[in-house]
Each structure stands twice: as C-alpha cells, then as structure tokens.
Amino acid sequence: MEFIPAKTIISGYSDNPNWFGINYNMNIYIGCCHQCIYCDSRSNCYQIIDFDRVRIKYNCLEIIKKELQSKRKKGVVGTGAMSDPYNPFEKKYMLTRAALKLVDDNRFGISIATKSDLIRRDIDILKRIQSHSPVLVKMTITTFDDDLCKKIERNVSTTSQRFEALKELSDNGIYVGILLMPILPFINDNEENIRSIIKKAHECGAKFVFSYGLGVTLRQNQREYYFQQLRKIFPEQNLDRKYIETYGDIYENSSPRAEYLWKIFKNECEKYNILYNMNDIIRDYKKNYEKTQISWF
Ligand code: SF4
C-alpha cells in the first residue's frame, strides 16, 4: 500500500447542497480497485493517475480530526464520490471506520455511497451518529442480475450481497436507499431490471431509490476504457459501435427508452411508497434533526 501526502481532506462548507444535502466532502483513499467499467472517476479531468491502484492519504486521521474540530458549522460529511470508502484495503486499515468515529465524536452527520457490503461492519458507529445527526447510506445498485453485476462491477459485492447489507442496515434503523445509476444503454436499460430493483428495495426497507437521466455519462479516456471493456465482455454484440452510432461523442448517453423507463421507475416507486425526488429525500433523512440542531439548516 502506498501512502501519499495530503494537505487537506475535508472540503469547504457548502451552504445549499443539492446533492443529498451533503455539506462537506471527504475522500480518504485515492483511486478505486472495484473496476466498474463505467466509472466516471477515471476521467482525465480528475487527474487521478493509475486510477485502479488504491492509495491512502498520509496522516489522514490526524488531518480529519483537526479539520472537523476547526469547522465553524456542523453539517453532513459525504464520502464515496471519487473512490469507494469500503475498498478491500479498508478491511485491514479500517480508516473509514476510524473517520466515522471522528465524525461521531465531533457531532457531524454522514452520507456514504458504496457498493460494498463491508459497510455492515460499521453499523454500530452509524447508529451512534444517527442518535445525534443525520445519517444516509446510498447503496449503488445498477443491475438486478448477479451475473451481469460480476461482469460490469467486477471486484465488489454482488447485487444480492448489497441487498443483504441494505436490509441489515435498515433492520438496524439506519436510513438507507439505492442509487440506481448509471443505466447503461443496451445493457441494463430494461423494464424488468428497474421493476425488480425497486421491488427488492422495498422488501429490504430502502427509503428511497434515486436515479438521474437513465443513462451513462462518458468523457475522454473514460469512454475509451468503457468501450474497451464492452468489446471484452460482449464480444458478439458490437456495443461500442452501437454507442458511437447512437451518441457520437456526447457526454450524456441516455437510454433510447429513457422516457418510457422513467414512467415505470416513477410508478413503481410510488406503488411502494419509496421516495425518488432529491428534495424529498433530503428533507426526510434530516427531518428528525430540524428542531434539535437548527445549525443543520
Ligand atoms: S466503486 Fe465507484 S469509484 Fe470505485 S470503480 Fe466503481 S464507480 Fe468507480
């Protein structure tokens, strides 16, 4: 494992955050070895060299402690945007776990995005944080089919393992939901996939399912990597050519069936009383803290 220097880890305060109400961002690890074929974080614009190699920010816990103590405003700290905080190295190094303890000690809230069931290990701390501040766990699930999952998200828990983790979190009273994104045109953009995920989300106690654009964003080298993987995984289907013919080199590649699928998505969420609108989700997971901690808002 390589340790690299870092000057800062927790970002500045965002006053009116529209992405899940996250006020601060925190990334302990750099790079991610989960190998999702569509990962946006490998794009050139983020300048992460050798993205699949995980590195740890040197002295990260000391920095996080100092930064949390010096923040003038409390808020929700988000993690999991550029790198999964529950990569395989987390089992040994337990840095995400230690960072959660600091979040708890300093009475901040937490929002975690992950595809790993290792998060089950930290239910005890999440419960402690939730006793004083908002907690939101977003489990990313893109396909209901475990076989497809193993092809497009190779090195991380399968969909069924993620659903089990989701259920355990929910059974423990943690506020959980699903990030149903990206939807990959010609691969997982079908009605059955969407219906199955939302039904299972309901059975597992998910409070929300969030999706956006019902497509995948592609840019620079990320597109090249994605096409390379499509050729490897689906050699007979000429999917890379299909993408080029359909989208050229545009950034947002929405499913050709996006409008139809959105109706299904919306109807299914409403049928099971699952939230899908961002503002509703933010309001709901923060609602119990409004009166006690006016500074959250
Ligand atoms: S888990 Fe997230 S950060 Fe890691 S490879 Fe997959 S999409 Fe990228």
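Contact here means heavy atoms within 4.5 Å, and helices (H or I, at least four residues) and strands (E, at least two) are DSSP runs numbered from the N terminus. The structure is a predicted model, so local features need pLDDT of at least 70 and side-chain atom pairs count only at pLDDT 80 or more, while totals for chains, interfaces and linings use all residues. Residues are numbered from 1 along each chain as its sequence is written, and side-chain values use heavy atoms, with hydrogens and water left out.

Take helices α7 and α10 to begin with. In α7, Glu-191, Ile-194, Arg-195 and Ile-198 touch Tyr-260, Leu-261, Ile-264, Phe-265, Glu-268 and Cys-269 of α10. That contact splits into seven nonpolar residues, no polar ones and three charged; Ala, Val, Leu, Ile, Met, Phe, Trp, Tyr, Cys and Pro count as nonpolar, Asp, Glu, Lys and Arg as charged, and the others, Gly among them, as polar. The axes of α7 (residues 191-203) and α10 (residues 258-271) sit 10 Å apart at an angle of about 20°, with axes fitted to C-alpha atoms over the stretch in contact and angles running from 0 to 180 degrees between N-to-C directions. The two helices are therefore roughly parallel (angles under 35 degrees).

Helices α3 (residues 95-105) and α4 (residues 123-130) make another such pair, their axes coming within 9 Å and crossing at roughly 15°. That makes α3 roughly parallel to α4 as well. On the α3 side the contact uses Arg-97, Leu-100, Lys-101, Val-103 and Asp-104, and on the α4 side Asp-124, Ile-125, Leu-126, Arg-128 and Ile-129. Here the tally is five nonpolar, no polar and five charged.

Now for the charges. The whole structure holds 22 salt bridges, each a side-chain nitrogen of Lys or Arg within 4 Å of a carboxyl oxygen of Asp or Glu. Arg-97 turns up again in one of them, paired with Asp-122 at 2.9 Å, N to O. Asp-122 lies in the loop between β6 (109-114) and α4, and Arg-97 in helix α3, so the bridge ties together parts 25 residues apart in sequence. Both Asp-122 and Arg-97 are buried (under 20% relative accessible area). Shared partners join Glu-90, Arg-97, Arg-121, Asp-122 and Asp-124 into one salt-bridge network.

Another bridge pairs Arg-219 with Asp-40, the closest N and O atoms being 3.1 Å apart. Arg-219 sits in the loop between β10 (215-217) and α8 (220-233), and Asp-40 in the loop between β3 (29-30) and β4 (55-57), 179 residues apart.

Definitions and conventions: Parallel < 35°, antiparallel > 145°, perpendicular 65-115°, else oblique. Buried < 20%, exposed > 50% of the residue type's maximum accessible area, 1.4 Å probe, protein only.
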